[in-house]
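Try each one first, then compare your steps with the solution.

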Amino acid sequence: MDKFLRRKDSSSHTDDEEPSTSVTKNLKKVVKRKYDEDYIKYRFSWCGDETAPRPQCIICGDQLSNESMVPSKLKRHLYSGHPSCANKDKQYFKRCLEQNKKQKKFMKSAVTVSEKALEASYQVAKLILRQKKPHTVGETLIKPACREIVRLMLGPNEVKEVNKVSLSADTVERRIHDMPSDILGTLIKKLLSAEKFALQIDETTDIKNKAQLIAIVHFVDEDFIKEHYLFCKEVPERTTVEEIF
């Protein structure tokens, strides 16, 4: 009977053996399809990463997955979504593709603000805040004055650079709100990176006779002891220790 029994051979398998690779061999390999220039006859260009491009319809701008980069699926999108364009020649869609690229380039240059213009906008907003002037002064006085100075000193062509600086009332207000948030975030990062810091709390009264709680921090930054204002909060009722904490 022993010859009909299949016994487990303990010597042939050990606990240290690697698991069978039969499962991994059966896994389907992911194929990344490439774009073919001939696909433009199906009204498709490509976008995204060059290693795994995604087909993009020239007519409607829809983006398909990389797995759809096959003629049958591209043709199905064309005839189901744009049947009226199916009979147009390849040159027509090449012209459409070039026109789309020019429009994207123009829109990007139109809405992109240069770093210098953005920095100038923040600097002027900071000056307006320090002088406690209305937010409208940037658009009604500062920018027109800058344009006249540049026009007389440098020439009319340089005035175009001044016009790139946004100083509307809404923009100045947004810049003023952005600056404290950025300063506070930078300060918190420095406090977290510092090994030790000291917190000083004091109480004062504003012009409306309301109690204000002020917090100041002292910490070491680049071998120097620095002092920074952390926050100022109104105390609702009393300035006792229980009320403060």
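**Exercise 1.** Which residues in α4 meet which residues in α7?

*Solution.* Before starting, note that this is a predicted model, in which local features need pLDDT of at least 70, side-chain atom pairs count only at pLDDT 80 or more, and totals for chains, interfaces and linings use all residues. Residues are numbered from 1 along each chain as its sequence is written, and side-chain values use heavy atoms, leaving out hydrogens and water.

Step 1: list the pairs in contact (heavy atoms within 4.5 Å). From α4 come L118, S121, Y122, A125, K126, I128 and L129, and they meet T171, V172, R175, I176, D178 and M179 of α7.

Step 2: Helix α7 covers residues 169–193, and its axis is 9 Å from that of α4, at an angle of about 85 degrees. The two helices are therefore roughly perpendicular (65 to 115 degrees).

**Exercise 2.** Find which residues have the most contacts inside the largest nonpolar core.

*Solution.* Step 1: a nonpolar core is a set of buried Ala, Val, Leu, Ile, Met, Phe, Trp, Tyr and Cys residues joined through side-chain atoms within 4.5 Å, where buried means under 20% relative accessible area with a 1.4 Å probe, protein chains only.

Step 1: the largest core has 13 residues, and Y39, I40 and I58 have the most contacts inside it. Helix α3 (residues 90–111) gives the most to this core, three residues.

Step 2: look around I58. Beyond four places in sequence, I58 is in contact with I40, R43, F44, S45, F93, C96, L97 and N100.

Step 3: a second, separate core of 10 residues includes I128, V165, L167 and I176.

**Exercise 3.** Is A86 buried or exposed?

*Solution.* Step 1: locate A86 in the loop between α2 (71–81) and α3. Step 2: its relative accessible area is 15%, so A86 is buried. Step 3: leaving aside neighbours within four places in sequence, A86 is in contact with R43, L78 and Y79.

**Exercise 4.** Determine which helix has the highest mean pLDDT, and which the lowest.

*Solution.* Step 1: pLDDT is the predictor's confidence in each residue, from 0 to 100.

Step 1: Where pLDDT is low, predicted coordinates should not be read in detail.

Step 2: turn to α5. Its buried residues are V137, G138, K143 and V150, and they pack against α4 (115–130) and α6 (159–163).

Terms used:
Helices (H or I, at least four residues) and strands (E, at least two) are DSSP runs, numbered from the N terminus. Buried means under 20% relative accessible area, exposed over 50%, partly exposed in between (1.4 Å probe, protein chains only). Axes are lines fitted to C-alpha atoms, for helices over the stretch in contact, and angles run from 0 to 180 degrees between N-to-C directions. Angles under 35 degrees count as roughly parallel, over 145 as roughly antiparallel, 65 to 115 as roughly perpendicular and the rest as oblique.
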